[in-house]
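Dear colleague,

I am handing over the structure we spoke about, and it is placed just below. Please have it open while you read the notes that come after it.

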Protein chains: 2
Amino acid sequence: MNIGFIGLGLMGTPMCKNLLKAGHTVTVWNRTLAKSEALRSDGAIVAVSPKAVAQNAEVTITMVTDSPDVEEVILGNDGVLGSVKPASVVIDMSTISPFTTQKLAASLQERDVELLDAPVSGGVWGAESGSLSIMVGGSKEVFDQCQGIFKDLGKRITYCGASGMGQVTKLVNQIIVAGTLAAVSEGLTFAAKAGADLDAVLEAVSGGAASSWQLENLGPRIISGDFEPGFRVRLQQKDLRIIMDSANNMNLPLITTPLVQQMFRVLERTNRGEEGTQAYVKVIEELGGVEARRSLDQGTE
Amino acid sequence: MNIGFIGLGLMGTPMCKNLLKAGHTVTVWNRTLAKSEALRSDGAIVAVSPKAVAQNAEVTITMVTDSPDVEEVILGNDGVLGSVKPASVVIDMSTISPFTTQKLAASLQERDVELLDAPVSGGVWGAESGSLSIMVGGSKEVFDQCQGIFKDLGKRITYCGASGMGQVTKLVNQIIVAGTLAAVSEGLTFAAKAGADLDAVLEAVSGGAASSWQLENLGPRIISGDFEPGFRVRLQQKDLRIIMDSANNMNLPLITTPLVQQMFRVLERTNRGEEGTQAYVKVIEELGGVEARRSLDQGTE
C-alpha cells in the first residue's frame, strides 16, 4: 500500500521500519530532516513537507507528540489537508486530546477523508517488535479496511468506538498507569521508612491483590536505583495534562489523578523529565527523607 | 500440635478448620460463643476465655479485627498473658499497627514467649482453600519452627524481618491495593463520562502497562454493577487508618494514600461499609454525575 508517515521519533522510526519490512511503499516527513534521511536505506521516500507526504498516499499516518503538533501537520501551511486525496484515510497514532481528534476529523471529512485515532501503548520496545497495543476510534468500516496496517504495527488491536474513543481509551490507560505507579511508590517508601527489607516486601506483595505491571516491572527498578526510561516522565506528564484538560472539558471532577499530575510536574520542574516514570518515587522519598533502595548488604541479585 | 485459636470471624473459622483437618488439636475462643460451638463438630475444643485457650497451647493464634482487639485478648482480663506457657509462641494473624505488635512482643517476651506477627492476604477464599499469602515478622528461628502451621494455612509465606515487619509488609500491600483501585475507578469513570464502550476499554487496557489484579478482577465487577464484597470497604478503611497512624508515627508524609482513605471514609459514612472495595468507584461516579456501567444494549456476557 502507498503509505505516508509523519513523525519519526523514538516510536515513529521503528513503526515506519515495520511498514517498510511488510512491503509497503512509505513516504516520510519529519521536522528534523536527518531522521527522514536515516530511513532512506530502509527504502523510505523522503518528502519535503506533510503536504508532499499526503499527496499520493492511500493512508497517511501521523505519530507526533502533542495536540498542537498534530494540528500543525494536518491543518498548518504545507499540511496534510492541502493535498490529501478524497477517499483516503488519515490515521493519527499520537496521544492527544480526543476533542482535538474530533475537530480534525470534521475538517478532514469536508474533503471526504476519514480520520482514525489510533494511539498506542507498549513503548519503544513494542514499536520495534511490532507488538504495540493499538486503541482505535472512528468509522468501524474504515477500521476494518486498515486492519492490515495495524497488524503490521501491533498485537492487541481494539476498536473502541466513534472518533476520539481511541484517545479516550489511551487516556484511561494513562490514568491507571500513573495512579498505580503512585500507589507502588507510596507503598515502597512506607516500607523503607519502617526499615523493612524491600526485597522481602516486593516478594510478599507480588502475585496477590496488590500485583500490577507497574509493581512487577518498576518495583525492582526502584529498589535497585535504576531510573532509566521505559516511558519518560515528560510524556507521562503531557498525557496527564491532556487527561485533566479533557476532564475539565467534560466537567468531570477527579480526585487522585490531578494530585499525581502535580507530583509529575514536580519531577519535571526538578529536571527529571527525561527519566523513567518510576522516578515518581523520588518525590515521595524526598518528602519523607528516606530512599526506597535495597540495602547494599542485602546483595544486588 | 496443641494450638489455641482466638477469633472465629469470616477468616478465622476456615483457617481453624484447616488446622483441624491437618490433624492439630485446636482449642478455640470467640467473643460470640455460637461461632466456637459451630466448630465442635469439626473437632475443636471450646474454651471460656483467651486465657483458657492459651494455658495448654504450644502455639496461640489470634485472628481478630483491630489493634485494640489484639491488645484485649492478649493483655486484658482473662487474656493470653495470664496463662501463656514459657517457651510457647503467639502468632498474631490480624492486620494491626506494627507499633502495637512491637509493644505486645515486648510484654510477651517478659514471660519468655515469642510473638510472630503474621498478617495475611487472599481473603475468605484464600482462607478456605489454604492458599493465603502470609507475611511474617519476628524471630527467624521461631518463624522456621512455625513453618508447618503456616503451610497448613497458606501458600506464599514470606519472612519479612524483625517484629512488626509482617504488619509493615501487609500495610504496604494495602497502600498499593487501595491506590491501584482508586486509579482504576477514576479511569473507568473518565471512560464512562466520555461515552466510551466500557467493555472495549477494559479489553484494550488489560494486559499492558495498566494491568493489575484490581483492574482485571474488580473492573468487570464495576461495569456489571456487582458490589458484593471480596474485601469489605469497612476493613480497607480500617487498614488505611492504621497506615496513616503508622505514617504519622514515622513522620512520613504521604500524598495520594490519605486522599484515598478519605474517599473510603465517604463510603463508610454513606452506609457502604459492608460492600466490596470496588464500591470506591461510586464516590467518583457521584462526583461526576455518571455511572461506569456497561450499557444494557451492549449485552451482559
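What follows is a short account of what was found, beginning with the interface and ending with a few details inside the chains.

Please keep in mind throughout that this is a predicted model.

The interface of chain B and chain A comes first. In it, 63 residues of chain B are in contact with 63 residues of chain A, and the area buried between the two chains is about 5200 Å², with carbon and sulfur atoms giving 73% of that area. Two salt bridges are counted between chain B and chain A; in a salt bridge between these chains, the side chain of B:Arg156 meets that of A:Glu203, at 4.0 Å from N to O. Polar contacts across the same interface amount to 14 residue pairs, with both residues at pLDDT 80 or more.

On the side of chain B that touches chain A, the elements that give two or more residues are the strand β9 (154-161) and the helices α9 (165-193), α10 (198-205), α11 (213-223), α12 (233-249), α13 (257-269) and α14 (280-288). Of these, α9(B) gives the most, with 20 residues. Sorted by class, the residues on this side of chain B are 39 nonpolar, 19 polar and five charged.

Two of the helices named above also pack against each other within chain B. The axes of α10(B) and α11(B) come within 11 Å and cross at roughly 175°, and because angles over 145 degrees count as roughly antiparallel, α10(B) is roughly antiparallel to α11(B). From α10(B), the residues B:Leu198, B:Asp199, B:Leu202 and B:Val205 meet B:Leu215, B:Gly219, B:Pro220 and B:Ile223 of α11(B). This contact is made up of six nonpolar residues, one polar residue and one charged residue.

Over all chains, the structure holds 26 salt bridges. One of the pairs in chain A is A:Arg241 with A:Asp66, whose closest N and O atoms are 2.5 Å apart. This pair links distant parts of the chain, since A:Arg241 lies in helix α12 (residues 233-249) and A:Asp66 in the loop between β4 (59-62) and α4 (67-75), 175 residues apart.

With its neighbours within four places in sequence left aside, A:Ser107 is in contact with A:Leu75 and A:Leu81. A:Gln262, by comparison, is 155 residues from A:Ser107 in sequence and 34 Å from A:Ser107 in space, C-alpha to C-alpha.

With best wishes

How values were computed: Residues numbered from 1 in each chain as written. Chains lettered and ligands numbered in written order. Predicted model: local features only at pLDDT ≥ 70, side-chain atom pairs only at ≥ 80, totals over all residues. Heavy atoms only, no water. Contact = heavy atoms within 4.5 Å. Buried area = accessible area lost by both parts, 1.4 Å probe. Polar contact = N/O pair within 3.5 Å; in protein donor to acceptor, adjacent residues only side chain to side chain. Helix = DSSP H or I, 4+ residues; strand = E, 2+ residues; numbered from the N terminus. Nonpolar A, V, L, I, M, F, W, Y, C, P; charged D, E, K, R; others polar. Axes fitted to C-alpha atoms, helices over the stretch in contact; angles between N-to-C directions. Parallel < 35°, antiparallel > 145°, perpendicular 65-115°, else oblique.
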